[in-house]
Amino acid sequence: MPRLFLLTALPLVLLALAPPAAPSDGAKVYFLEGEQFVPVARKVPARPLPALKALLAGPTAGERARGLRSALPRGARVVAVSLGAGTARVALRYPAEPGGAFVASLAPARLAQVAATLKGLPGVDRVAIAVNGHHLVAPNSPAPTSSPPEPPDLEPSAPAPENTLAVQARLYQLHYLPLSAVTGIWDYRSQQAVEAIQSWEGLDRDGEVGTHTLASLDSAAVPVPRGRGAGKWIEVYREKGVTLLVRNGVVQRALHASTGRPGFETPTGTYHVFRKERFSWSAPYQVWLPYASYFVNGVAFHAFPEIPTSPGSHGCVRLPYPEAPLVYAFATLGTAVVVYS
């Protein structure tokens, strides 16, 4: 009996003598949805290295299906990390990437993801980051770093058509322009309307009123929405780059827009406007989002200086500056938003 007692009691003695595990509620890593942060809990120790590894692992398949993304490149790794005097110092290695404006636009979000993740850990007040041997300034505050911008002075890049007034009048009839824009003066707003009808009618979007565009202007009808019924709603067509403002089944305006590019796609589905800010601040991208109407987490309609002719945003729906106030007024709280592929 004594021997049997010792065999059963020995594991209890060993457990009692072993040092207790360090308490941890886990860490939060910061991913992106649209232009905003989404904190996600991870069951890893709340220390810099485990948290960074969880961040670099990226969103799970289920999280990506919900629209969460990471700006950090695949293959990024931690070279060194230390914590002292409230400052977390981290050295990262990014793999070689093709250049381009979009990759460059991800730089602030990459630093912000790392800084936000580390600053959520106990004992971290400041963050210092080096990438591929270069020391970079990490955003240590989510607060705006500038004043809200003034509307830009935008000029059309396409030449004026031979009969500008007639083209504008037809665009008004087809609900691509408001009556106030029928001035006979070729401008940025008119070019954006031309790009919208070119896309809706299946033409190349170059903003020029050539032979094919003139033919479409003659034969086209007011765009017909997919939805039916009473009330108002907004339809977004990702690949077409067109957004429709609909009331009682009739399109009030058809607008050129740009949604999320591959890897940052605007999520399809039916949503509702739940948050509005005349000037919304994107902490990840360190940029203002004028006339922002959010309809799913960090994804919003907002004004943008230039609207590319293909999906090019980080997940939001970019609108031409002259049209953004209209959408902001139309997209009242609770307005339905349907996003199609």
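Colleague: Before we start, what counts as a salt bridge here?

Modeller: A side-chain nitrogen of Lys or Arg within 4 Å of a carboxyl oxygen of Asp or Glu. Keep in mind that this is a predicted model.

Colleague: OK, so which residue does Glu-63 pair with?

Modeller: Arg-42, and the closest N and O atoms are 2.8 Å apart. That pair links distant parts of the chain, with Glu-63 in helix H3 and Arg-42 in strand S2, 21 residues apart.

Colleague: Is Glu-63 buried or exposed?

Modeller: Buried, at a relative accessible area of 7%. Arg-42 is buried too, at 16%.

Colleague: How many salt bridges turn up in the whole structure?

Modeller: Six. One of them joins Glu-97 to Arg-110, with 2.8 Å between the closest N and O atoms. Glu-97 sits in the loop between strand S4 and helix H4 and Arg-110 is in helix H5, so the bridge ties together parts 13 residues apart in sequence.

Colleague: Which residues form a network of bridges?

Modeller: Arg-189, Arg-253 and Glu-323, through salt bridges that share partners.

Colleague: How many H7 residues are buried?

Modeller: 13 of 13, so by the under 20% cut-off the helix is mostly covered.

Colleague: What happens just after H7?

Modeller: Gly-202 takes a positive phi there, about 80°.

Methods: Residues are numbered from 1 along each chain as its sequence is written. This is a predicted model: local features need pLDDT of at least 70, side-chain atom pairs count only at pLDDT 80 or more; totals for chains, interfaces and linings use all residues. Side-chain values use heavy atoms; hydrogens and water are left out. Buried means under 20% relative accessible area, exposed over 50%, partly exposed in between (1.4 Å probe, protein chains only). Helices (H or I, at least four residues) and strands (E, at least two) are DSSP runs, numbered from the N terminus.
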